[in-house]
Each structure stands twice: as C-alpha cells, then as structure tokens.
Amino acid sequence: MSDEMYGAAIKDLAAREPVSLAHPDKSVTLDNPLCGDRVSLGLRLEGGRVAALGHGVKGCLLCKAASSVAAEQALGLDAAGAAQLLDQVRGMLKTGGEPAFPALAAFLPVRPHKSRHDCVLLPFKALSKALRP
C-alpha cells in the first residue's frame, strides 16, 4: 500500500478515540468479510434524527478514520440524510466525484485502490442501516 493512502490526515482521523454511548436507541454492527473490519454504532435519536452517536471499530486505519468522519457528520441526520452521505462517499470513491465536505478529501488517495473502498464505506453503510425504518 502506498504511503500516500495512509497520509497524515488519515492517521490523524484514525487516532481519534471512539466514543461509546450508553443505552442507545438503535445499534448496528457491520462486518467486512473480505478484510475483517467490524464497525459498531450506537445512536440516540430525537425526532428521527441522530442526537448522539457512539462508535467502535476493530479494523484497519482506513476504517477507523472513516468511522471518525461518519461520527462527526452523523449528528442531525435522518435516514434520508444518512443515505445521501453514503452516496456522497461512494460517489467520491467509485465515480470520481468531488468530496462533498472537506474531511472526505483525506480519502481521495484511496480512490485508485478499489479493494479498499469497502474499508472506507463500512461506517457510512452502518450509519445508513441504523437509521433505516
């Protein structure tokens, strides 16, 4: 893997300590069976929107970094917003779209490495799944 893919921005995001959430309203755990990454989210909801989020990752640097970004972006999102966030990340990685917000730019070096896209997408998929009715 290239040094560029694991640049300072990815390392900084991955180093952020995950936050656990006691007594979540919803929780979800997703696995990536190809690489072994596992993301667990717990959400507290108010009016169908994320009011607080806890997350934990057993996985690679990319998945940990993506989980930090997903957690930051999740507050205030409803199911449609989480689906849109997932589409934005997927579009940036798979179809060459521009990053929808500055933190996503850290993952641009992952774009040519298709085998690593799911590492980045897993936390966003978990968020979307947790908010589905």
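Reply: Helix H3 covers residues 79-94, which makes 16 residues, helices here being DSSP runs of H or I of at least four residues, numbered from the N terminus. From its first C-alpha to its last, H3 reaches 22 Å, close to the 22 Å expected at 1.5 Å a residue, where the expected span is 1.5 Å times one less than the number of residues. This is a predicted model, in which local features need pLDDT of at least 70 and side-chain atom pairs count only at pLDDT 80 or more, while totals for chains, interfaces and linings use all residues. Residues are numbered from 1 along each chain as its sequence is written, and side-chain values use heavy atoms, with hydrogens and water left out.

The buried residues of H3 are Gly81, Ala82, Leu85, Leu86, Val89, Gly91, Met92 and Leu93; buried means under 20% relative accessible area, exposed means over 50%, and partly exposed lies in between, with a 1.4 Å probe and protein chains only. Helix H2 (61-74) and helix H4 (117-131) are included in what covers these buried residues, contact being taken as heavy atoms within 4.5 Å.

At the start of H3, the backbone nitrogen of Ala80 has a side-chain oxygen of Asp78 within 3.2 Å. Just after H3, Gly96 takes a positive phi of about 80°.

An α-helix has 3.6 residues a turn, so residues three or four places apart point the same way. Both partners are partly exposed, Asp87 at 47% relative accessibility and Arg90 at 29%.

The count by this rule comes to 5 salt bridges. Among them is the pair of Asp118 and Lys125, with the closest N and O atoms 3.5 Å apart; Asp118 is partly exposed at 30% relative accessibility, and Lys125 is partly exposed at 27%. Another is formed by Asp31 and Arg38, whose closest N and O atoms are 2.6 Å apart, with Asp31 partly exposed at 40% and Arg38 partly exposed at 38%.

How values were computed: Helices (H or I, at least four residues) and strands (E, at least two) are DSSP runs, numbered from the N terminus. A polar contact is a pair of N or O atoms within 3.5 Å; within protein, one must be able to donate a hydrogen and the other to accept it, and residues adjacent in sequence count only if both atoms are side-chain atoms. A salt bridge is a side-chain nitrogen of Lys or Arg within 4 Å of a carboxyl oxygen of Asp or Glu.
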